[in-house]
Amino acid sequence: MTMFGNGSICPVCGAGELKEKTIDERFTYKGREMTVPNYVIYECGTCEEALVEPATAKRAEKILKDFSRQIDGLLSSADIKRIRKKLAFTQEQMAEVCGGGLKGFARYESGQVIQSKGMDNLLRILDELPFALDIINRRPSRVPAKVVNIMDYRQRRGFNYNAHSYGVKYTGKSNCTMG
Ligand SMILES: [Zn+2]
């Protein structure tokens with residue numbers, strides 16, 4: 001659905017005509033500049049207001065969020081998806097393990113929401129050391145999570161890592177109660 005058209009009356013001043021223009025729009029984040037190409041704006045010849053379609057703004061926002069992640073040293077939305085796939089979890093299962101809310105991972109992966117530094121650290125740890133999932137499962141006060149079945153997960157992935165190579169004594173037993 002488009003809101004503006006070439007030649008339509010400017011909704012800001014109600015007098016001028018809108019003219020469609022495709023530009024390279026520049027944005028800055030923490031002093032670093034980035035360009036969003038093929039950015040369509042509708043410019044009013046009278047009041048000089050530039051209007052943007054919501055879909056255009058949304059696409060630019062996603063690009064900018066990934067740009068700011070890069071500047072802040074955070075995982076990109078593609079990285080987050082890759083790590084989740086590596087662990088063989090659905091978005092809901094990832095939220096069960098890592099927190100962040102039911103829709104959290106969908107939003108991180110679509111680029112809508114930027115993960116916290118803490119979430120970013122946890123994801124990096126799970127990426128490098130997937131057996132750290134066992135530590136999460138061992139939390140005594142935790143209501144056993146049905147989705148986190150590490151043995152099943154390991155079998156599904158054909159996972160056969162050697163925890164000793166990380167200097168960790170690993171018994172292969174998870175204290176997670178399976179529901
Ligand atoms: Zn106008």
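The protein has 7 helices and 3 strands, where helices (H or I, at least four residues) and strands (E, at least two) are DSSP runs, numbered from the N terminus. The model is a predicted one: local features need pLDDT of at least 70 and side-chain atom pairs count only at pLDDT 80 or more, while totals for chains, interfaces and linings use all residues. Residue numbers start from 1 along each chain as its sequence is written. From the N terminus on, the order of elements is β-β-β-α-α-α-α-α-α-α. Of the 179 residues in the protein, 15% are buried; a residue is buried if 20 or more other C-beta atoms lie within 10 Å of its own, exposed if 12 or fewer, and partly exposed in between, with C-beta atoms placed from the backbone. Among contacts between residues at least 6 apart in sequence, 56% join residues at least 24 apart. Two residues are taken to be in contact if their C-beta atoms, placed from the backbone, lie within 7 Å.

The strands form an open sheet of 3 strands in the order β1-β2-β3, with antiparallel pairing. Strands β1 (18–29) and β3 (50–52) stand at the edges and have a single partner strand each, so one side of each is left without a neighbour in the sheet. On average, and with direction ignored, neighbouring strands of this sheet are turned by 50° against each other. Two strands count as paired if DSSP finds at least two bridges between them. In general, strands of a sheet pair through backbone hydrogen bonds, either parallel or antiparallel.

Strand β1 pairs with β2 (residues 32–44) in the antiparallel sense over 11 bridges. Along this pairing, Glu25 stands opposite Val36 in β2, Phe27 opposite Met34, and Tyr29 opposite Arg32. The two strands form a hairpin with 2 residues between them, and Lys30 in the turn has a positive phi of about 50°. Strands β2 and β3 also run antiparallel, joined by 3 bridges. In β3, Val52 is the bridge partner of Ile41. The hairpin of β2 and β3 has 5 residues between the strands, and in this hairpin Glu48 takes a positive phi near 65°.

Helix α1 (residues 54–71) lies across β1, β2 and β3 and runs at about 170° to β2. Axes are lines fitted to C-alpha atoms, for helices over the stretch in contact, and angles run from 0 to 180 degrees between N-to-C directions.

Helix α2 (residues 77–87) packs with α5 at an angle of about 45°, the axes being 10 Å apart. That makes α2 oblique to α5, since angles under 35 degrees count as roughly parallel, over 145 as roughly antiparallel, 65 to 115 as roughly perpendicular and the rest as oblique. The residues of the contact divide into 5 nonpolar, no polar and 2 charged; Ala, Val, Leu, Ile, Met, Phe, Trp, Tyr, Cys and Pro count as nonpolar, Asp, Glu, Lys and Arg as charged, and the others, Gly among them, as polar.

Leu87, found in helix α2, is partly exposed, with 19 other C-beta atoms within 10 Å. Not counting residues up to four places away in sequence, Leu87 touches Leu126 and Pro130. The C-alpha atoms of Leu87 and Leu133 are separated by 9.5 Å, although these residues are 46 residues apart along the chain.

Ala132 is placed in the loop between α5 (117–128) and α6 (133–137). Ala132 is partly exposed, because 16 other C-beta atoms lie within 10 Å. With neighbours within four places in sequence left aside, Ala132 is in contact with Ile125 and Leu126. Ala132 and Leu122, 10 residues apart in sequence, are 9.6 Å apart in space, C-alpha to C-alpha.
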